[in-house]
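Colleague: I would like to learn how to read the features of a model such as this one. Could we take them one at a time?

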Amino acid sequence: IMLSSFASKAPYFERALSRAGIPVQNAGEADFFGAVEVSIIISLLRIIDNRRQDIPLIAVLRSPLFAWSGDDLAYVRLCAPGQDFCTALEAAAQAGHQLSRDFLTRLDTFADTARDMAVAPLLRYLYRETGAPGVFAALSDGQARLARLDSLCEAAQAFESGGAKGLY
């Protein structure tokens with residue numbers, strides 16, 4: 001639905017459509033990239049491109065996709081104090097921490113796959129491998145979350161159709 005006075009009328013349309021069970025995504029929302037599910041997937045893309053980014057790495061580990069506890073993160077941090085979190089994660093894996101090993105194996109697989117894929121198909125692959133649609137659909141306002149994941153794929157497709165390539 002396109003509106004001439006978007007900001008004042010959009011909330012009424014959103015409420016009415018939601019009450020009718022119709023998923024609503026407000027394309028004018030400034031917080032699309034701030035939505036939890038979009039932010040987590042973008043963080044995942046960031047660490048696939050460069051895993052030595054502490055904030056996106058920890059965000060992905062703590063997300064509903066991987067659900068690491070505070071105790072898991074603390075254990076990893078203690079494996080390499082003063083180092084970046086990826087170094088600590090690698091040290092934890094070498095010390096036998098199975099959760100760290102499993103995550104690094106998955107991250108390696110994602111990175112290997114990303115080398116041969118355009119971003120939109122990569123997103124669909126990541127959704128499938130992580131179960132993201134099911135995880136986010138189970139949260140409150142699940143249909144809107146799924147719509148945002150679809151929109152992220154569409155944005156990636158548009159990005160690449162404009163000639164741009166790559167995760168960065």
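Colleague: To begin with cysteines, what does the count of disulfides come to?

Modeller: A disulfide is called when two cysteine sulfur atoms lie within 2.5 Å. By this rule the count is zero disulfides. Keep in mind that this is a predicted model. As for individual cysteines, C86 is buried because its relative accessibility of 1% falls under the 20% cut-off. C79 has 26% relative accessibility and counts as partly exposed.

Colleague: How many helices and how many strands does the protein have?

Modeller: The protein has nine helices and zero strands. Along the sequence the pattern is therefore written α-α-α-α-α-α-α-α-α.

Colleague: What share of the residues is buried, and what does the surface consist of?

Modeller: Of the 168 residues, 38% count as buried. The accessible surface comes to about 9,400 Å², and carbon and sulfur atoms hold 55% of that. For the fold as a whole, look also at sequence separation in the contacts. Among contacts between residues at least 6 apart in sequence, 53% join residues at least 24 apart.

Colleague: How is a pair of aromatic rings described?

Modeller: The distance of the centres and the angle of the planes describe such a pair. This structure holds three aromatic pairs. One of them joins F66 and F103, with 5.1 Å centre to centre and 85° between the planes, and is edge-to-face. F66 sits in the loop between α3 (54-62) and α4 (70-79), while F103 belongs to helix α6 (residues 98-114), so the pair links parts of the chain 37 residues apart. Both F66 and F103 are buried.

Colleague: Why is the pair of F110 and Y125 called edge-to-face?

Modeller: The planes of F110 and Y125 stand at 90°, with the ring centres 6.1 Å apart, so the pair is edge-to-face. F110 has a relative accessible area of 3% and is buried. Y125 is also buried, with a relative accessible area of 11%.

Colleague: Which residues do ring pairs link into a cluster?

Modeller: The cluster consists of F66, W68 and F103, linked by ring pairs.

Colleague: Turning to charged side chains, how many salt bridges does the structure hold?

Modeller: A search of the whole structure finds six salt bridges. One of these joins R51 and D108, at 2.8 Å from N to O. R51 lies in the loop between α2 (36-49) and α3, and D108 lies in helix α6, so the bridge ties together parts 57 residues apart in sequence. R51 is buried, with a relative accessible area of 19%. D108, at 37% relative accessibility, counts as partly exposed.

Colleague: Where in the chain are R52 and D84, which also meet in a salt bridge?

Modeller: R52 is in the loop between α2 and α3, and D84 is in the loop between α4 and α5 (85-94), 32 residues apart. Their side chains meet at 3.1 Å, N to O. R52 counts as partly exposed at 41% relative accessibility, and D84 counts as partly exposed at 25%.

Colleague: What is the distance between the closest N and O atoms of R115 and D112?

Modeller: It is 2.4 Å, and R115 and D112 form a salt bridge. R115 is exposed, with a relative accessible area of 63%, whereas D112 is partly exposed at 43%.

Colleague: Which residues of α7 are buried, and which helices do they pack against?

Modeller: The buried residues of α7 are V119, A120, L122, L123, Y125, L126, Y127 and T130. They pack against α2, α6, α8 (132-137) and α9 (142-161).

Colleague: What follows α7?

Modeller: G131 follows α7, and its phi is positive, near 75°.

Technical notes:
Residues numbered from 1 in each chain as written. Predicted model: local features only at pLDDT ≥ 70, side-chain atom pairs only at ≥ 80, totals over all residues. Heavy atoms only, no water. Helix = DSSP H or I, 4+ residues; strand = E, 2+ residues; numbered from the N terminus. Buried < 20%, exposed > 50% of the residue type's maximum accessible area, 1.4 Å probe, protein only. Contact = heavy atoms within 4.5 Å. Areas by Shrake-Rupley, 256 points an atom, 1.4 Å probe, with all protein chains shown as cover. Phe/Tyr/Trp six-rings, centres within 6.5 Å; stacked < 30°, edge-to-face > 60°. Salt bridge = Lys/Arg side-chain N within 4 Å of Asp/Glu carboxyl O.
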